[in-house]
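Visitor: I am new to protein structures. Could you show me how to read side-chain contacts?

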Amino acid sequence: MKFEELIMQETQQNQKTLALQQEVEQLEEELEEELKLSKVLQYALDGPCCPCLSTQTHLPFKIKELLTELATVEEEIMWLEKKVHKLNLSLYLEKKQTREWELQQLKNLHPRHQRSRIKPHRRQQSRLKFMNNNHESQDFDTQRRRSSFGSSVDFKYAKLGLSVLEVNHNHNHTRNPNKLSEDLIKCLIGIFLDMNQPFPDSEEGSDIAHKQVSCMSSKSFISKTSFNCTAPTFFYNNNGSSYDPYSISLDFDGAVRDIGPYKTFTQITRTTLDHTRISECSTEVGKIRVLMQKLCSAKLNLLTYKQKLAFWINIYNACIMHAFLQHGLPSTQEKQLVLMNKAVINVGGIVVNALAIEHFILRHPSNSNHGLANEREILLRHAYGLGFPEPNVTFALCRGSWSSPALRVYTAEDIVNELARARLEYLDASVGVISKKKIMVPKLLHWHMKDFADDLESLLEWIYSQLPQSGSLKRLIMECLNGETKSNPAKMIEIQPYVYEFRYLLPS
């Protein structure tokens, strides 16, 4: 029995040993497979994922699928990197060619001989009044730097070349973008004032519909299309002191109401703009090119809220004026809207158009859910946005149309008071009581009503609250509201249609 038990024990030990050996062999095989898989994954992690890796037979199916997808993604990334490299190269070459073209244009800008410039007394006087009105709050040094465009200093720069102007003022403009925006809008206003001829000597001088002139680009300044738009009529009395730009000064009893400072503003219209005078503006055109070039490298990241607000209002208005010089005066409402998209400007290396400046930078965020447009809006607001909007820009943004507010130069130092003054003067000139039951409100206010009120009734209350106590318009509105027949204030409001015909109003 003992011998048999001994044999049984040896047999059991041999079986256990064999089982352990088989288990060890199996574990070694698994370890080898894991080492191969680890090697493949490490290779894929450290270097490019080759498609041949996914064909290894010893790899699990999920790993093969993952490696195949990874190889495809890496190939796509390499293709995109090559494409980006090509685009960067094309962009560099394009910028280089553009720069060479601009330098060539600057060289060809000045005439071969100096032409004497004889300006009509009335036009020169209007221009000097406008410039003096914008300088009266500045110190002597600022007045000297911002002297009138026809000064001897400008003439000297014109003789020496635009490169001198760029070298002398580049540092100042880089450090002070607001000064750059003010100079740009003043220079553009100067060109329009130079071409404005309120009282043409002949009928031929006012016929500008079919004539061209090359100014800011190869395109004509005045469009070739015939202009059949009908501009609204306006009222003059015998002494000429009741100029009424929005046709609302007549009260319901036939009396002429004082509309405030707007009655003295200089008007530039399609018929008063003499395109032949563009040849006298070569110096100003050269300055605009230089200022626009400096604007491309302007630094806005350190500007305060007020500085940004004044800067972007000036840039918006300059953008529209520059578009008129580039593309001509639009003859229809549709063409004006197209012009708003074409009115582009490069600010700090980012190209924006007038619509983007107004709706993405200066106004409330849009409620649209369109992905691409919303992305662009977010990016632009992040780069240049004000942080929170200013509703009073409604009275500062000028589209160059009959229904637009007056065009002004805004400064960072006094932007709050300047916007308040623009709001008061616009309301006084554009709102009117036309009958005992009707109050005329401009379409511009109706468009942006939500910035000031919830509905038409509260809008009327807001307008009334903004008018001065001593003003005649406030008294007339109160008389209308307290008339014999009581009615809903909202039903008393009549919206004056928006007129797109070209016009600028400039404070005298």
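Guide: We will take ring pairs, then charges over rings, then salt bridges. Keep in mind that this model is predicted.

Visitor: How many aromatic pairs are there?

Guide: The count is 17 aromatic pairs. Take F324 and Y504, an edge-to-face pair. Their ring centres are 6.0 Å apart, with 80 degrees between the planes. Planes over 60 degrees apart count as edge-to-face, so this label follows from the angle.

Visitor: Which parts of the chain does the pair of F324 and Y504 tie together?

Guide: F324 belongs to helix α10 and Y504 to strand β7, so the pair joins parts 180 residues apart in sequence. F324 is buried, at 1% relative accessible area. Y504 is buried too, also at 1%.

Visitor: Which rings are linked into a cluster?

Guide: Ring pairs connect Y246, Y262, F265, F395, Y426, F452 and W462. Y246 also has the charged end of R503 over its ring, 5.5 Å from the centre.

Visitor: Now salt bridges. How many does a search of the whole structure find?

Guide: It finds ten. In one of them, K179 meets D183 at 2.5 Å, N to O. Both sit in helix α7, four residues apart, about one turn of the helix.

Visitor: Are K179 and D183 buried or exposed?

Guide: K179 is buried, at 6% relative accessibility. D183 is buried as well, at 15%.

Visitor: Which residues are linked in a network of salt bridges?

Guide: E358, R363, R399 and D451. R363 bridges to E358 at 3.1 Å and to D451 at 3.4 Å. R363 and D451 lie in loops 88 residues apart. R363 is buried, at 8%, whereas D451 is partly exposed, at 22%.

Conventions. Residues numbered from 1 in each chain as written. Predicted model: local features only at pLDDT ≥ 70, side-chain atom pairs only at ≥ 80, totals over all residues. Heavy atoms only, no water. Phe/Tyr/Trp six-rings, centres within 6.5 Å; stacked < 30°, edge-to-face > 60°. Helix = DSSP H or I, 4+ residues; strand = E, 2+ residues; numbered from the N terminus. Buried < 20%, exposed > 50% of the residue type's maximum accessible area, 1.4 Å probe, protein only. Lys NZ or Arg CZ within 6 Å of the ring centre and 35° of its normal. Salt bridge = Lys/Arg side-chain N within 4 Å of Asp/Glu carboxyl O.
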